[in-house]
Amino acid sequence: MTDECPIIELKNLTKVYKDGVEFRALDNANLRIKKGEFVAIVGPSGSGKSTLMHLIGLLDTPTSGTLLIDGDDVTKMSDKERSGMRNRMLGFVFQYHHLLPDFTALENVMMPLLIAGKSRDESKGVAEKILKDVGLEDRMDHRPGELSGGQNQRVAVARALSCSPAIVLGDEPTGNLDTKTGDLIYELLRRLNKEYNQTFIVVTHNEDLAGKADRIVRIIDGKITDQ
C-alpha cells in the first residue's frame, strides 16, 4: 500500500444518543484506513463497534465530527447524496445473510446489479463470475433453504461484491457459523480483499480471526483505544 490519502478518515467523530440520559456511543473517534487494508474492529459488547460501522456505512449520521470517504466529507451531504455514495462505494456482509428465500443464489447476487440499472444479461454474467470466485459454481440455481449456513454466507459475500464496492463492511460475518466454517469464510474474505484490492472492515469478537487482519482497531466505551 502507498501513502496515498486514506479511503476512510474519522476526525473527532462522535455519536450521542439521548433517551432521558445522554449516552456517548462513539466519543471523539479518530481513524484513518488506507485503500486495500483489511481492518478488524474488536471490543466488548456495547463498546461502540456497531455504531462505528453504521456511521462508516452511512446507515446513521454522527452528532459531531467529520467523516471523509474517498476524500468527500459525507457529514455535509444530503440524504440523497449519502444514499448515492452508499450504493456506489459500499458493500455489506452481516452476521445473518438476509438472502431472499424465494430466489436462487444467482438471482440474489444479481439483485443489486439490477437495482443499479444493469441489464439482466450483464447482471447474470457478473453474478456468475463472483459466485465462481467464492466456490459456488455448482450451487447457483439453489435457493437459500437448499444451502448450508456457510454456503449462504458465501452467497451474501458474493452479493456484497457484485457492484464492485470500494469498501466492504462485515458486521460479525462469521458470528452465526461454527468455528471451522467461520474460519473458511474469514479466509475467503481475506483472499478476496487481496485479489480485488478492496478495503475490508470487519467487526468480530474472535481474537484469532482478528489477528489475521492487517490491523486491529480496539474500541472501548465509545473510544478507539488502540490501533
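This is a predicted model: local features need pLDDT of at least 70, side-chain atom pairs count only at pLDDT 80 or more; totals for chains, interfaces and linings use all residues.

Student: What makes β3 and β8 a pair?
Tutor: Two strands pair if there are at least two bridges between them. β3 and β8 (residues 199-203) have four bridges, in the parallel sense. Therefore they count as paired.

Student: How do you know that β3 pairs with β9?
Tutor: Apply the cut-off of at least two bridges again. Four bridges join β3 to β9 (residues 215-220), and the two run parallel. One partner there is R215, which bridges to V39.

Student: Why is β3 called largely enclosed?
Tutor: Buried means under 20% relative accessible area. In β3 (residues 38-42), five of the five residues are buried, so the strand is largely enclosed by the rest of the structure.

Student: Which way do the residues of β3 point?
Tutor: F38, A40 and V42 point one way, while V39 and I41 point the other way. Side chains in a regular strand alternate between the two faces of the sheet.

Student: How many cavities of 30 Å³ or more are there?
Tutor: One. The largest cavity holds about 60 Å³ of space.

Student: Which elements give two or more residues to the lining of the largest cavity?
Tutor: They are α1 (49-56), β6 (90-94) and β7 (167-171). Among the lining residues are M53, F92 and D171.

Student: What kinds of residue make up that lining?
Tutor: Six are nonpolar, two polar and one charged. Asp counts as charged, and D171 is in the lining.

Methods: Residues are numbered from 1 along each chain as its sequence is written. Side-chain values use heavy atoms; hydrogens and water are left out. On a 1 Å grid over the protein atoms alone, a cavity is a set of points where a 1.4 Å probe fits but cannot get out, and a pocket is an open set with protein on both sides within 12 Å along at least five of seven lines; lining residues have an atom within 4 Å of a point. Grid points are joined across faces, edges and corners, and a volume is the space filled by probe spheres set on the points. Buried means under 20% relative accessible area, exposed over 50%, partly exposed in between (1.4 Å probe, protein chains only).
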